Amino acid sequence: FRTPITRNDAFFVRWHLSSIPELNAASWVLTVGGDSLQREQSWTLAQLRSEFEPAQVTAVCQCSGNRRGLFEPHVPGVQWGVGAMGNAVWRGVRVKDVLARAGLKDDAVEVVFDGADRGALDGIPDFVKSLPVETALDPDTLIAFEMNGEPLPPMNGYPARLVVPGWTGTYWVKSLVGIRVVPTPETSFWMGTAYRLPRGKFRT
């Protein structure tokens, strides 16, 4: 943190599932659908670059477990010190522009984002995270494919990842492959069970 922008080769790396994807940008496709969209659509990386207005934001990505090794009460997981955060210039396209092209319905409540990483064993929940529709439509919420002027590094979400300024890194879904817009809150494991705060353990 000696400079305002964290170099790509110094940026922290954190994946939830062990099968980290090796994706080819030329064959990568983002699929967008769900009950609260008028139509399902898909775009290649080249189409995102050519068919949508580019957008850029400088934002800090901080792992939800930053300083976990210092938490009281102690919690399991990677025992991070203070290094699980970084600041970068992210460039891509706005989520709101992509959803508008697919026809956002009035009953939309949440937008669900699916990463390409998978668990090593059958039965491990797919990594999906959701955002309130208002957050997804914020002009600074991006599908980013550049980091500090370079293509996203493979370990930081290549070829495209979600960027959600002001939200912890668990919502910055890496290697994004699918978006669903739904009329009810997402209740799968990574939203309904993981990342929950115990009542009575924290002062406000």
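This tour of a predicted model stops at backbone torsions and then at a surface patch.

**Stop 1: a peptide bond**

Select Y158 and P159. The peptide bond from Y158 to P159 is cis. Its omega is near 0°. Most peptide bonds are trans. Now show the strands on either side. P159 sits in the loop between β8 (150-151) and β9 (161-163).

**Stop 2: two phi angles**

Most residues other than glycine have a negative phi. Check the next two residues with that in mind.

Select S175. Its phi is near 45°, a positive value, and S175 is not a glycine. Is S175 buried or exposed? S175 has a relative accessible area of 0%, so it counts as buried, the cut-off being under 20%.

Move to R67. Here phi is positive too, at about 70°, and R67 is not a glycine either. Find R67 in the loop between β3 (54-62) and β4 (85-94). The relative accessible area of R67 is 41%. R67 is therefore partly exposed, because that value falls between the 20% and 50% cut-offs.

**Stop 3: a nonpolar patch**

Switch to the surface view. Which residues make the nonpolar surface patch? Select V13, I20 and M155: together they make a patch of about 210 Å².

Stay on I20. I20 lies in the segment before β1 (29-33). Its relative accessible area is 33%, which makes I20 partly exposed.

How values were computed
Residues numbered from 1 in each chain as written. Predicted model: local features only at pLDDT ≥ 70, side-chain atom pairs only at ≥ 80, totals over all residues. Heavy atoms only, no water. Helix = DSSP H or I, 4+ residues; strand = E, 2+ residues; numbered from the N terminus. Buried < 20%, exposed > 50% of the residue type's maximum accessible area, 1.4 Å probe, protein only. Patch = residues over 30% accessible without salt bridge, like charges linked within 9 Å, V, L, I, M, F, W, Y side chains within 5 Å. Areas by Shrake-Rupley, 256 points an atom, 1.4 Å probe, with all protein chains shown as cover. Salt bridge = Lys/Arg side-chain N within 4 Å of Asp/Glu carboxyl O.
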